Amino acid sequence: MFAPARPVLLGHEDRASHEKDTMSQDATLDPTLSSWVASANAADTDFPIQNLPFGRFQRDGALRIGVAIGDQILDLQAAGLIDHQDMRRVLSLSTADRRALRASLSAGLAEGSAQQAVWEAALVAQSEVRMALPCDIGDYTDFYVGVHHATAVGKLFRPDNPLLPNYKWVPIGYHGRASTVNVSGHSFKRPMGQLKAPDADAPHLGPTQRLDLELELGIIMGRGNAQGEAIGIDAAEDHIFGFTLFNDWSARDVQAWEYQPLGPFLAKNFASTMSPWMVTLDALAPFRKAFAHPADDPQPLPYLSSEANSQQGAIDIALEVYLQTAQMRADGVAPERIGQSNFADAAYWTAAQLVTHHTVNGCAMNPGDLLGSGTLSGTTREQAGSLLEMTLGGKEAITLGNGESRTFLRDGDTIILKGYCQREGFRRIGLGECAATVIG
Ligand code: MN
């Protein structure tokens, strides 16, 4: 049997306690730290000085690299922190260099910093610029780690056998397309596709009637690996740059007709939406949690298992789905929350396991590759991350506060994903927004 080599670093227990020490000693996470950028000190900001997520914005027709701080962006080159505008180089930083950059950012943006006089000129208001995708996305893989989603969807298609037998052994995924991943704020046309009603003799071509959202997280790869070299579970997080919100729009009627035998195809690749800010694992460190499969379930094969992954592989990220219909927008009604869940509760596999599994066969990953988590639903309909689950396959419409109802999305509907982390003793951080509108 093939057993991939595992890097021998520290002993497992040493490594886990070492990482805990690193976290508690990380001055950038100190909850009492405040910034001379006043908006970063607001209690409800997604971007306090403890977050410092990376993104790209457009200025004078060019893309520039920045870090979100309150309602502002610090232009990293203008601040003298980098001498280029190549996000791939930032993604490729070693973990130590990425942390050193974070420490410089934190010190320079902190209240009382001598950098303030210089860096004030490197700030730009988020409201003044258009954001771009946070990096050029190379390859895109969508996983299926949401076990409650997989079970609920499986039930709709196979009531007796909702979860296929491989699910609890293999992180299931498929290769998607990077070409139709868009940054938050775009609109996209309702896609055409082959549709076939169950009682119809033949399919026809038409606009999808079952357009859905998928509440996901995007994992952005940092340093890559050479083809043929697997990334061991204990090294996997050194290859992850950060997390975004991610909406994997899906045409359920197209999907139902095309998905066998090779899986999703045109039902998924007409549009995806990503939030503009990559929140690093450094910022997420306080929100790590123990990870385990239920005791009655198969335990991960050795290559997908490590003490560090068990002790802190999960991440407590609260997730929300909001809907604003065209009518609500016309009436000045705020988006309404229709679902909420949590990454740690929803995910059957950790980010490290996804990276390790993806490369166990020698597959090469590159900086800027995107791993979608899969739909992150909880166990109830209120915790669903897709309309497919909220409406039991389109059978029971959800009713909105203004009396409108939905089974699937209508033209003019805007879906907004949000995410945040909070824990006693640490500053709340957010992932920003991931919004897009379907048009006819
Ligand atoms: Mn998906």
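**Labels and their grounds**

Mentor: Start with a strand pair: β1 and strand β5 (residues 130–132) run antiparallel to each other, joined over 3 bridges. F57 faces M131 of β5 there. Keep in mind that this is a predicted model.

Trainee: What makes β1 and β5 count as paired?
Mentor: Two strands pair if there are at least two bridges between them. β1 and β5 have 3 bridges, so they are called paired.

Trainee: Which sense does the pairing of β1 with β2 take, and over how many bridges?
Mentor: Strand β1 (residues 54–59) and strand β2 (residues 62–69) are antiparallel, with 6 bridges. R56 has I65 in β2 as its bridge partner. The hairpin of β1 and β2 has 2 residues between the strands, and D60 there takes a positive phi near 50°.

Trainee: How do you know which residues coordinate the manganese ion?
Mentor: A donor is an N, O or S atom within 2.8 Å of the metal. D142 (OD), E214 (OE), E216 (OE) and D248 (OD) lie at 2.1 to 2.2 Å, so they count as donors. Along the chain, the donors follow the spacing D-x71-E-x1-E-x31-D. E216 in strand β13 (residues 215–221) and D248 in the loop between β14 (240–247) and β15 (250–251) are 32 residues apart, a pair that links distant parts of the chain.

Trainee: Why is E216 called buried?
Mentor: Buried means under 20% relative accessible area. E216 has 0% relative accessibility, so the label applies. D248 is buried as well, because its relative accessible area is 0%.

Trainee: Where is S377 found, and why does S377 count as buried?
Mentor: S377 sits in the loop between β22 (370–372) and α12 (387–390). Its relative accessibility is 0%, therefore S377 counts as buried.

Trainee: What makes the approach of S377 to the side chain of E389 a polar contact?
Mentor: The cut-off for such a pair of N or O atoms is 3.5 Å. The side chains of S377 and E389 are 2.9 Å apart in their polar contact, so the distance falls within the cut-off. A polar side-chain atom of S377 also lies 2.9 Å from the backbone nitrogen of G385.

Trainee: How many residues of each domain are in contact across the two domains?
Mentor: The domain assignment gives domain 1 (12–131) and domain 2 (140–439). Contact joins 39 residues of domain 1 to 35 residues of domain 2. The two domains bury about 3100 Å² between them, 58% of it on carbon and sulfur atoms.

Key. Residues numbered from 1 in each chain as written. Predicted model: local features only at pLDDT ≥ 70, side-chain atom pairs only at ≥ 80, totals over all residues. Heavy atoms only, no water. Helix = DSSP H or I, 4+ residues; strand = E, 2+ residues; numbered from the N terminus. Buried < 20%, exposed > 50% of the residue type's maximum accessible area, 1.4 Å probe, protein only. Polar contact = N/O pair within 3.5 Å; in protein donor to acceptor, adjacent residues only side chain to side chain. Donors = N, O, S within 2.8 Å, 3.2 Å for Na, K, Ca; no water. Domains from an automatic or database assignment. Contact = heavy atoms within 4.5 Å. Buried area = accessible area lost by both parts, 1.4 Å probe.
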